[in-house]
There are 2 protein chains.
Amino acid sequence: MTIPELTDVHAAWLPPEAFRAIGSRRTLVLGDGALAGTVHAEVAAACARYGGTVRRTGDGPFDLVLALTTAGPLPPVAAAVMAEAGPIGEEGHVLARRDGVTVVLASAPAGLLYGLFHLVRLGEPAFEAARQAERHEPATRRRMLDHWDNIDVHPVMGQVERGYAGGSIFWRDGVLRDDLTRVRAYGRLLAACGINAIAINNVNVHATEARLLTDRLGEVAAIAAELRPYGIRVHLSVTFAAPIVLGGLPTADPLDEDVRRWWAATTARVYETIPDFGGYVVKADSEGQPGPFAYGRSHADGAGMLADALAPHGGVVHWRAFVYNHRQDWRDRSTDRARAAYDHFAPLDGRFGDNAILQVKYGPMDFQPREPVSPVIAAMPGTRLAVEFQVTQEYTGQQKHVCYLAPMWREVLGFGPWGPEGATVADVATEFVAVSNVGDDLYWTGHPLAQANLYAFGRLAWDPRLDPAAVLDEWIDLTFAPSPEPLRSTLHTMMDGSWRTYERYTAPLGVGFMVRPGHHYGPDVDGYEYTPWGTYHFADRDGVGVDRTRATGTGCTGQYPQPWSDVYESLEQCPDELLLFFHHVPYGHVLHSGSTVVQHIYDTHFAGAEEVADMRAHWDKLEGLVDPALHARVKELLDEQLRCAEEWRDQVNAYFFRKSGVPDARGRRIP
Amino acid sequence: MTIPELTDVHAAWLPPEAFRAIGSRRTLVLGDGALAGTVHAEVAAACARYGGTVRRTGDGPFDLVLALTTAGPLPPVAAAVMAEAGPIGEEGHVLARRDGVTVVLASAPAGLLYGLFHLVRLGEPAFEAARQAERHEPATRRRMLDHWDNIDVHPVMGQVERGYAGGSIFWRDGVLRDDLTRVRAYGRLLAACGINAIAINNVNVHATEARLLTDRLGEVAAIAAELRPYGIRVHLSVTFAAPIVLGGLPTADPLDEDVRRWWAATTARVYETIPDFGGYVVKADSEGQPGPFAYGRSHADGAGMLADALAPHGGVVHWRAFVYNHRQDWRDRSTDRARAAYDHFAPLDGRFGDNAILQVKYGPMDFQPREPVSPVIAAMPGTRLAVEFQVTQEYTGQQKHVCYLAPMWREVLGFGPWGPEGATVADVATEFVAVSNVGDDLYWTGHPLAQANLYAFGRLAWDPRLDPAAVLDEWIDLTFAPSPEPLRSTLHTMMDGSWRTYERYTAPLGVGFMVRPGHHYGPDVDGYEYTPWGTYHFADRDGVGVDRTRATGTGCTGQYPQPWSDVYESLEQCPDELLLFFHHVPYGHVLHSGSTVVQHIYDTHFAGAEEVADMRAHWDKLEGLVDPALHARVKELLDEQLRCAEEWRDQVNAYFFRKSGVPDARGRRIP
């Protein structure tokens with residue numbers, strides 16, 4: 001095992017400097033197996049740079065002991081920590097410092113790897129004061145990224161669907177890349193923030209990509225081999241129609257015995273090739289993808305068939321709940337896309353097997369900058385639920401805009417309480433999944449600062465109770481190590497509130513979808529208003545918003561548990577930021593903030609654009625403090641962000657001024 | 001010369017039946033040369049089918065004499081006609097019938113060919129009553145189609161840009177087609193309606209297509225060889241940057257001597273290969289295409305350079321006047337795209353050489369279903385002008401909708417009078433050009449009834465004073481020969497008013513551009529409202545329309561000659577159908593029709609959709625009277641047209657109802 005070193009790609013949050021504290025110590029790594037080997041190799045590489053030493057046996061003295069509890073006789077200091085700590089979960093570790101020795105213990109190799117990266121985050125303080133044994137365990141067993149990568153370049157969607165960071169890191173020119181060093185480096189970055197699974201291909205499975213399941217399986221195996229040393233299991237998006245398109249069967253009916261046999265045999269072959277294969281991801285009956293509805297079967301039937309094929313091998317199926325009518329008649333106001341996932345899936349609660357995971361987008365619509373939490377999440381206590389986020393910034397600036405998303409995710413994770421035990425999203429989710437924002441770009445993510453979103457997703461998936469501001473500082477300290485002032489505080493200032501800034505200059509008050517159809521970049525207030533996509537705001541000369549109340553609207557509020565059902569139903573209690581998601585109100589409606597709706601629109605749009613201008617001014621001051629090429633890239637992108645924010649401001653304000661006729665109370669220019 | 005016979009492509013307006021009258025006669029074809037050979041071959045093919053005879057010498061008796069006046073001793077009856085007729089122009093012919101013999105005389109072979117097709121149009125009546133000598137001459141020397149075909153399939157625009165009839169008839173899979181029989185058949189169709197020139201490739205010249213000028217010139221020659229027997233000369237769209245991208249020069253400056261030499265040498269090589277090559281078509285400084293502005297030169301400089309290169313060989317350059325700022329700031333109400341062509345080109349009048357033709361779109365915007373005539377046309381008496389139409393239905397239903405365009409073109413051609421001599425567009429245009437609607441579709445044009453537009457363009461280009469309704473009947477009689485009732489009258493009813501029907505259900509009162517951005521199909525009222533394209537309607541809660549007056553607007557009305565400048569300037573005199581093109585008015589403004597603007601919008605949109613429903617009902621009655629496959633194709637397309645017309649109706653009505661708050665006076669449902 002050698003540590004991947006890429007000289008032509010940005011180091012992201014693992015620059016050499018981040019390993020200085022570890023690399024300058026005398027370290028013992030105790031334990032066998034591939035992942036322990038990775039830990040040893042990481043420490044050895046750091047030591048080679050910073051003058052420390054690393055051994056796998058012997059008496060010391062040591063400054064740092066990284067040990068598996070199963071590794072035989074531990075040094076006395078480690079044994080003492082073990083006694084203090086008690087049992088440790090599979091991916092967990094215990095950290096302590098006593099008698100001048102920092103100790104990381106794990107009961108399994110993955111835990112040791114996460115313990116090492118925990119030390120990387122801590123840096124020098126890990127080797128300073130004494131420290132009681134702290135237990136660190138992930139909140140969920142699986143922390144996963146979905147890649148929407150295609151092998152071929154799609155004529156409309158490109159190679160990475162909704163990707164804003166270049167081509168796929170896996171495929172190029174229709175074939176697996178010759179050199180997969182970057183894939184291993186990617187695995188390393190992911191392990192360092194806690195990710196342990198990825199699905200490598202687009203959920204919209206086209207003809208070429210379908211074959212990854214069968215005759216192109218070797219490519220999956222090659223990718224898995226690169227990621228395995230960092231504890232990451234590979235999953236595959238498959239088409240529900242695979243028995244037809246790959247197997248030559250006349251049907252893909254999930255209750256058909258031939259179909260079930262085909263899936264069982266095909267899956268067995270996958271596991272022969274990749275014994276630690278993670279499982280399948282399926283987008284079925286969704287935006288044109290095939291699914292069980294064609295055969296009059298339920299989604300529990302569909303997921304169950306795949307779960308049954310995977311179960312003998314320890315695999316899981318991630319079954320996406322993103323099922324709605326994308327050919328809706330906009331004239332029909334009774335149909336409500338926001339209701340669709342709940343209406344489809346809540347009745348199926350308890351019917352998904354133990355290894356079937358229902359993958360639910362965090363909101364009822366589609367990755368908007370502001371949505372309520374999906375009502376599905378509170379409605380399926382008998383189902384394993386993966387909450388799906390979107391690290392790739394489809395609706396949040398497409399990696400041209402600074403938009404640090406962790407504060408939004410944290411709000412989603414903390415949503416609640418509901419039910420007798422006061423549950424939150426973080427309590428009921430059994431895992432977290434996000435769409436990756438990575439491509440073959442020099443900075444991995446197009447916008448260099450978009451790396452923070454990938455990092456933060458991993459960290460929140462590991463511990464949903466983390467403070468996003470603290471995670472941001474972690475990322476800054478690692479990425480820009482040693483992050484001198486004013487770099488650290490300036491970056492923090494620029495990024496911490498950037499999601500709310502983005503919200504201010506885009507669609508107001510939770511109404512969403514005022515983007516250009518198709519590519520979804522930039523404003524188009526009516527772009528989706530008269531389309532079949534179910535994404536409307538219903539603005540007229542008198543008011544705006546979607547009536548989703550039980551009393552007079554689509555009844556979507558009724559899908560929420562109490563107290564949220566009543567909170568959202570009530571015009572008085574509904575939070576301002578979701579007002580237009582749940583209610584149609586006149587422009588003169590007064591918000592809790594004291595402002596009218598239309599004045600709020602004007603004010604937030606002027607403010608949002610001004611905040612971007614401030615952001616750009618902050619960045620200008622960092623010239624000379626960060627790498628010049630990175631500075632130039634971000635500077636250029638901030639110019640575009642400001643242009644686009646002003647475009648949003650002017651279009652949204654002009655639209656509502658033309659419709660409402662209400663002038664801005666502060667007399668500012670509206671085009 | 002053999003007549004191209006395609007069994008797998010629709011015969012369009014030249015089915016065998018159309019040749020019955022000629023094919024059952026005893027015919028003499030007198031004259032030498034390739035085109036006379038074509039005439040002979042056409043008559044021979046018809047005779048083979050219908051039992052007539054054809055000879056190239058001899059004494060008769062004959063029923064029909066087709067003769068070149070230069071062909072030596074004419075039969076006495078022909079000599080008598082010649083004496084009566086006097087001189088005949090190069091492409092003209094004289095038709096007479098005396099002593100039981102029908103005589104067609106021409107002074108040049110092309111005239112004989114057009115005379116033959118004139119007989120085809122006449123059918124049996126050409127051989128009935130005696131007929132005084134009638135002279136038929138084309139109004140203009142060149143009647144041309146522009147193909148927007150690419151060699152390669154463009155990832156966004158497809159192979160034929162704005163094409164709705166499949167791929168290119170010239171190229172397939174990146175190379176010239178092996179079998180060019182269809183190209184010859186196309187030439188035959190074009191000759192039969194009077195076209196005598198085509199530009200074979202897209203005015204947006206991409207990298208591959210640029211090379212048609214040099215190393216892929218053989219493909220142009222091959223196409224020219226297929227079209228030559230039907231009197232059609234081939235032109236080529238070239239990129240202004242050719243000296244750089246093909247010639248390796250550092251500049252394309254039209255005043256640079258190296259550049260001029262490169263064009264002269266390159267053009268000479270073209271003529272060595274294709275001695276009757278027509279010339280170049282250039283889209284310069286337009287929507288991203290390169291042009292003389294980059295070098296601080298005028299468009300007269302640019303066109304002049306190419307004209308100079310072509311002049312020694314008798315070629316011409318078509319220089320498009322479609323120059324405007326496509327990156328306009330929508331917030332800037334003083335910039336007006338409708339002014340752009342005039343502002344750019346009118347000052348250059350007189351500076352274009354004799355073989356430079358300024359190609360001007362018929363309206364000041366871009367092929368909308370309703371625009372005023374371009375003010376450029378009346379403003380450049382010292383310049384040769386080609387008026388450009390769009391047979392391909394980019395903005396008029398994309399060959400999914402029945403929309404017979406000849407009535408619109410006829411209105412444009414008849415526009416005027418202006419100036420001391422009472423000129424019209426037809427008087428000042430020196431030629432007519434249109435974008436072709438043809439592809440490799442079974443019916444040539446996607447929608448079988450869209451063939452009528454191609455036919456009618458050729459006929460109007462030949463004689464701009466023809467009645468579009470009569471041309472429609474010609475097309476019906478040829479295409480559906482022998483066109484029994486009720487087929488003939490039903491088709492006429494469906495098609496004759498179809499452009500006005502289309503206008504009724506789409507953008508109202510000349511305001512235009514309420515289409516989906518990008519592909520331009522279907523409604524999106526605000527789709528272009530906040531974009532850089534210069535295509536706005538400025539609807540707010542009080543009113544709608546673009547103020548282009550001199551008094552308070554952009555001054556576009558001032559570009560028109562009197563009396564039109566004052567007519568358009570005046571709210572009272574401006575024709576209803578152009579009201580919103582020139583004026584911004586309140587929704588309550590009363591039209592000449594007596595209706596308010598908003599009620600007119602409602603009424604026309606309900607009426608337009610109803611008319612499409614009627615059209616479909618008419619078509620249903622023709623089942624069994626036309627070829628079943630053709631009937632099925634049109635039936636399916638009419639379903640789509642009705643769906644789309646209802647979508648237009650509902651979106652436009654809903655948009656204006658939401659904005660104006662004015663209910664429909666007749667209480668109909670507006671979503």
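Let's start where the two chains meet: 28 residues of chain B touch 28 residues of chain A. Keep in mind that this is a predicted model, so everything below is computed from it. The size of an interface is often given as the accessible area lost when the parts come together. Here, chain B and chain A bury about 2,500 Å² between them, and 44% of that sits on carbon and sulfur atoms. On the chain B side, the residues that lose the most area to chain A are B:Tyr530, B:Arg541 and B:Arg658, which together make up 34% of what that side buries.

Side chains of opposite charge can pair when their charged atoms come close. Across the interface of chain B and chain A there are 6 salt bridges by the rule used here. There is also a pairing of A:Glu647 with B:Arg331, a salt bridge whose closest N and O atoms are 3.2 Å apart.

Zooming out, the structure holds 94 salt bridges over all chains.

Now for some helix packing.

| Helix pair | Packing angle | Distance between axes |
|---|---|---|
| H17(A) and H21(A) | about 160 degrees | 10 Å |
| H18(A) and H21(A) | about 135 degrees | 7 Å |
| H18(B) and H21(B) | about 135 degrees | 7 Å |

Take H17(A), residues 487–496, and H21(A), residues 597–620, to begin with. Given their angle, the two helices are roughly antiparallel to each other, because that word applies to angles over 145 degrees. H17(A) passes H21(A) in a left-handed crossing. From H17(A), the contact uses A:Thr490, A:Leu491, A:Thr493 and A:Met494, and from H21(A) it uses A:Met615, A:His618 and A:Trp619. Sorted by class, the residues of this contact are 4 nonpolar and 3 polar, with no charged ones.

H21(A) has another partner in H18(A), residues 498–505. These two helices are oblique to each other, and H18(A) passes H21(A) in a left-handed crossing. On the H18(A) side you'll find A:Ser498, A:Thr501, A:Arg504 and A:Tyr505, which meet A:Thr604, A:His605, A:Ala607, A:Gly608, A:Ala609, A:Glu611, A:Val612 and A:Met615 in H21(A). That contact splits into 5 nonpolar, 5 polar and 2 charged residues.

What about chain B? Its helices H18(B) and H21(B) span residues 498–505 and 597–620. They are oblique to each other, with H18(B) passing H21(B) in a left-handed crossing. H18(B) brings B:Ser498, B:Thr501, B:Arg504 and B:Tyr505 to the contact, and the H21(B) residues include B:His605, B:Glu611 and B:Met615. By class, there are 5 nonpolar, 5 polar and 2 charged residues in this contact.

Most residues other than glycine have a negative phi, and most peptide bonds are trans. In chain A, though, the peptide bond from A:Glu485 to A:Pro486 is cis, with omega near 5 degrees. You can find A:Pro486 in the loop between helix H16 (468–479) and H17 of chain A. Over in chain B, B:Glu485 and B:Pro486 are joined by a cis peptide bond with omega about 5 degrees, and B:Pro486 lies in the loop between helix H16 (468–479) and helix H17 (487–496) of chain B.

Which phi value does A:Phe513 have? It is positive, at about 55 degrees, although A:Phe513 is not a glycine. To spot A:Phe513, head for the loop between H18 and strand E19 (543–544) of chain A.

Notes:
Residues numbered from 1 in each chain as written. Chains lettered and ligands numbered in written order. Predicted model: local features only at pLDDT ≥ 70, side-chain atom pairs only at ≥ 80, totals over all residues. Heavy atoms only, no water. Axes fitted to C-alpha atoms, helices over the stretch in contact; angles between N-to-C directions. Helix = DSSP H or I, 4+ residues; strand = E, 2+ residues; numbered from the N terminus. Parallel < 35°, antiparallel > 145°, perpendicular 65-115°, else oblique. Left-handed = near helix turned anticlockwise from the far one by under 90°. Contact = heavy atoms within 4.5 Å. Nonpolar A, V, L, I, M, F, W, Y, C, P; charged D, E, K, R; others polar. Buried area = accessible area lost by both parts, 1.4 Å probe. Salt bridge = Lys/Arg side-chain N within 4 Å of Asp/Glu carboxyl O.
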